[in-house]
Amino acid sequence: YDDRDGFIWWNGEFRPWRDAKLHVLTHGLHYASAVFEGERAYGGQIFKLREHSERLINSGRILGFEIPWSVEQIDAACQETVAKNGLTNAYVRPIAWRGAEEMGVAAQATKVHMAIAVWEWGAYFGVEQRMKGVNLAMAKWRRPHPETAPTASKATGLYMIGTMSKHAAMDEGADDAMMLDWKGDVAEATGANAFFVFDGEIHTPTPTCFLDGITRRTVMGLAHKRQMKVVERVIKPEELPRATEAFLAGTAAEVTPIRRIGTQDFTPGRITETLMKDYEATVNNRA
Ligand code: PMP
């Protein structure tokens, strides 16, 4: 990803893509003092931009640092980066991290840096694959207890178990991993929230130790608009055989049907299809 044309927003100015480099003693690299966002622009406009910028600032505060830019400045910088790269449909990746000004676990003297990269990115999973639904393997790693890790922050360190779980799933021929939480209840995939249909109602795990995703909340709102009932509750993995539909929701994944979790098969159905289409209409301003 580093050797290409384009511009990356870097602490308030644009740098050529290839020159957006860090020192090896960057605190964020050694101690995971970094937070990020994942956003999508549709037709040049970043969907739910304000919510993403607010979450980025809040993620940093949870880790004990203040990003030296306001929510309005971050909003503007993200939109400018999309435009500067001549993109309309794009993935947007803001990231903030403690720099290399001090080395060690304690690093109060480090500066907080921020960069924004954007690139063209279609469906997370290929279109054809998306219609069939994705295959998820059960992960061995579990989402940590909220007193064990800053689970409400979109912090880079939390993605370590995500990458390990996704690699293990792909080694088994699956597309992604379904993660349980520390109690053994259903949590989320490695980069998206999960929904299930039980007796015609939409059920989703209560986000007590993983992100209450912006897409998750958007999808819940779309379901309410259709008078569909949405229940947030603890979902046990033993209940999954009773679910008639299952799907993922996330900025990158959008609404993606699930075909299989472990040994359990699901058939993407009417509710998933309706929400997939409603989400697509909403992000493209056709709602
Ligand atoms: N969980 C994880 C682990 C994620 O990385 C994401 C993507 N940010 C989500 C859930 C979904 O969040 P959102 O809908 O805000 O993109």
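At what angle do helix H6 and helix H7 pack? The angle is about 110°, and their axes lie 10 Å apart. Axes here are lines fitted to C-alpha atoms, for helices over the stretch in contact, with angles running from 0 to 180 degrees between N-to-C directions.

This is a predicted model: local features need pLDDT of at least 70, side-chain atom pairs count only at pLDDT 80 or more, and totals for chains, interfaces and linings use all residues. Residues are numbered from 1 along each chain as its sequence is written.

**Overall fold**

The protein chain has seven helices and 16 strands. Both are DSSP runs numbered from the N terminus (helices H or I, at least four residues; strands E, at least two). The C-alpha trace spans about 55 × 40 × 35 Å along its principal axes. With 287 residues, a compact globule would have a radius of gyration near 19 Å; the chain has 19 Å, which agrees. That radius is taken over C-alpha atoms, and the globule rule is 2.2 Å times the number of residues to the power 0.38.

**Helix pairs**

| Pair | Residues | Angle | Axes |
|---|---|---|---|
| H6 and H7 | 214–225 and 270–283 | about 110° | 10 Å apart |
| H2 and H3 | 49–62 and 71–84 | roughly 120° | within 9 Å |

H6 and H7 are therefore roughly perpendicular. H2 and H3 are therefore oblique. The cut-offs: under 35 degrees is roughly parallel, over 145 roughly antiparallel, 65 to 115 roughly perpendicular, the rest oblique.

Thr218, Val219, Leu222 and Ala223 of H6 meet Leu275, Asp278, Tyr279 and Thr282 of H7. Contact means C-beta atoms, placed from the backbone, within 7 Å. These residues divide into five nonpolar, two polar and one charged. Ala, Val, Leu, Ile, Met, Phe, Trp, Tyr, Cys and Pro count as nonpolar, Asp, Glu, Lys and Arg as charged, and the others, Gly among them, as polar.

In the pair H2 and H3, the contact residues include Leu49, Arg50 and Glu54 of H2 and Val71 and Asp75 of H3.

**Ligand shell**

13 residues surround the ligand, each with its backbone-placed C-beta atom within 6 Å. The closest are Gly213, Ile214, Thr215, Gly250 and Thr251. H6 gives the most, with three residues. By class, the shell has four nonpolar, seven polar and two charged residues.

Note on methods. Two residues are in contact if their C-beta atoms, placed from the backbone, lie within 7 Å.
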